[in-house]
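Trainee: I've got a new model open and I'd like to learn how to read its features. Can you walk me through a few?

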Amino acid sequence: MKRLYPIYINKKSPCYSKDHLGNSGCPAKNDIPRFLYLLSQERVGDAFYVLKETNPFSAGCGRFCDHPCETACNRAKFDEPVDIKALERFVADWGYENNLKPILKSDSKNKLISIIGSGPAGLSAGYFLAINGYKVVIYEKHSKPGGLLIEGIPAYRYPREIFEKELNFIREAGVEIILNQHIDKSKFVNIVEESDAVIVATGAQYPGKLNIDGEYLDNIYNGIEFLRLINFGESDKLNIQENEKIGVIGGGYTAFDVARCSVRLGALPSIIYRRTIGEMTAHPGEVEESKREGVQFYFLNQPIKIEKVREGLRLICQVMKLGPVDESGRSKPIPIKDKYNEFIFDKIVMAVGDKPDLSFVGDSFVNEFPRLNCPDLPEDLRDKVFICGDAAMGAATPTGMVVRAVGSAQKTVEAVRNFLGEELEKDTNREIAFYEDINTKYFQKTGRMIEENITFEERKRNFNEIVKTVDKDVAVLMAKRCFYCGICIQCDWCYFYSNNSLIKKFKEWSPEKDMVYYMYIKENISSHSFKSVEACPRSALSVISDESKFEKYILSQYVEYSKLSEEE
């Protein structure tokens, strides 16, 4: 006959785990409850290292991430979501300011991994491999590393001094970056021959096109090309004039960054988008911020033609309406017959999504993320090649946004390590602690913080960072709003309700998963003991049978009364 046992088994929180409700949580799998609990205890350095286990760009993502973790936060159903993004930023900035160094998890394995591309995916993959003992060399075609991080993200979102700190942290982990390296087919073969594994992380550099008449006229730019000139201090090449009208086509972060950079250079930008605010891939709050900075919006307009006219460039758009949801999960724009709008611009920027260019790997290849199948390579080399980030677009989900590139790099690195013979311990397929599992009677309703921004007047004609990092007192206070879903934080409610069937082990709280802070006394287990499970505010306890796959926990969490002195 099966016997039931109350047991401590950590669950996942919705904020960092994908669930059946459509929430993606954190694509980088940041262990959010643990880093927030450490922050709430003012153990900021420990919180920093919890973040660095999963994301080398925690200071960046704490600034520009679209924070799907906050959308999935259980607290959002109680009052308001926890300020995860702002608190990640605080912890990361604190760690850099206090000169914390990478922690290496393994000695050298004498294996060389070559990575092509030093964007967020390539740098992340390099970091994860380096801290696990691999020699990593990254090849970058430009004179500066960073890819999208410095080419496509403006300084008002991601100050360059913050990027340099993150880059130095990655280098200190042991990653070598070689610049000005153009990789062609011949050099690619050489790199594969010399390496134990190769990761292609070249991003999406091929300019996206609308395939409409006139898009190759003068004064029409690609979004990333436009931003690269600005971010590299070469905006004079764009020859932007005071009050010049710039049309920006697209609805993602690149479109917004182009428009907001244009404002700062004295232009009058307008965003043209074929859907509405609700379907934009950029965060909805971007629209209001951009409007207040001076950006205009024209929704439900699909560009169909560009003409050169005396006044500049005439953009002709088909007026659209929203139809049924398409494969992207958004309402599909449908043309309204015989209805058009015309706009006159001095310049037009296409921010419609770039594509990968993988021609250097050979004339034929198959993207099988995390593998890259390259039939043109000698047969004995083909198994060595992997892919991650936006280079894997179309074969990997998710892509786009830095945090998704980091998550992609994690999956690829796991595949590389398995390929090279490591036996990686897989985390148990844990349950998720949903809102209905939380005992909300223990919590009081409170509001989110209000982040301090520089004024709209202060933003004019400069690229100063808009949002300010919160101070420590506020960060600690806001971290305490977290439910810490699914993990034990030694709150003692289980102990109080256990009817003397629990003893407490007095030890410092650790972010290690399934750390035991209480022990059940076998002889004292009764029906009343199960109240300790019900009493847990955050669903960190479960009930299992002695034939469960979690039976091993019984051995580590139960003690006989006669052996109690030995355990203590």
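Predicted model: local features only at pLDDT ≥ 70, side-chain atom pairs only at ≥ 80, totals over all residues.

Trainee: Okay, which residue does Arg459 form a salt bridge with?

Mentor: To call a salt bridge, you look for a side-chain nitrogen of Lys or Arg within 4 Å of a carboxyl oxygen of Asp or Glu. Here Arg459 pairs with Glu293, and their closest N and O atoms are 2.9 Å apart. The pair links distant parts of the chain, 166 residues apart: Arg459 is in the loop between α13 and α14, while Glu293 is in helix α12.

Trainee: And is Glu293 buried or exposed?

Mentor: Glu293 counts as buried, at 13% relative accessibility. Both Arg459 and Glu293 also belong to a network of salt bridges, whose members include Arg157, Asp257 and Glu289.

Trainee: How many salt bridges does a search of the whole structure find?

Mentor: It finds 36. Take Arg314 and Glu342, with closest N and O atoms 3.5 Å apart. This pair joins strand β11, where Arg314 sits, to strand β12, where Glu342 sits, 28 residues apart. Arg314 is partly exposed at 23%, whereas Glu342 counts as exposed at 55% relative accessibility.

Trainee: Now helices. How are two packed helices described?

Mentor: You give the angle between their axes and the distance between the axes. For helix α10 (residues 223-231) and helix α11 (residues 253-264), the axes come within 10 Å and cross at roughly 40°.

Trainee: Why are α10 and α11 called oblique to each other?

Mentor: Angles under 35 degrees would count as roughly parallel, and 65 to 115 as roughly perpendicular. The axes cross at roughly 40°, so α10 and α11 are oblique. Their crossing is left-handed.

Trainee: Last one: which residues form a nonpolar patch on the surface?

Mentor: That would be Trp493, Tyr495, Phe496 and Tyr497, with about 420 Å² of accessible area together. Look at Phe496 in helix α15 (residues 493-496). Phe496 is exposed because its relative accessible area is 53%, and the cut-off for exposed is over 50%.

Terms used. Residues numbered from 1 in each chain as written. Heavy atoms only, no water. Patch = residues over 30% accessible without salt bridge, like charges linked within 9 Å, V, L, I, M, F, W, Y side chains within 5 Å. Areas by Shrake-Rupley, 256 points an atom, 1.4 Å probe, with all protein chains shown as cover. Helix = DSSP H or I, 4+ residues; strand = E, 2+ residues; numbered from the N terminus. Buried < 20%, exposed > 50% of the residue type's maximum accessible area, 1.4 Å probe, protein only. Axes fitted to C-alpha atoms, helices over the stretch in contact; angles between N-to-C directions. Parallel < 35°, antiparallel > 145°, perpendicular 65-115°, else oblique. Left-handed = near helix turned anticlockwise from the far one by under 90°.
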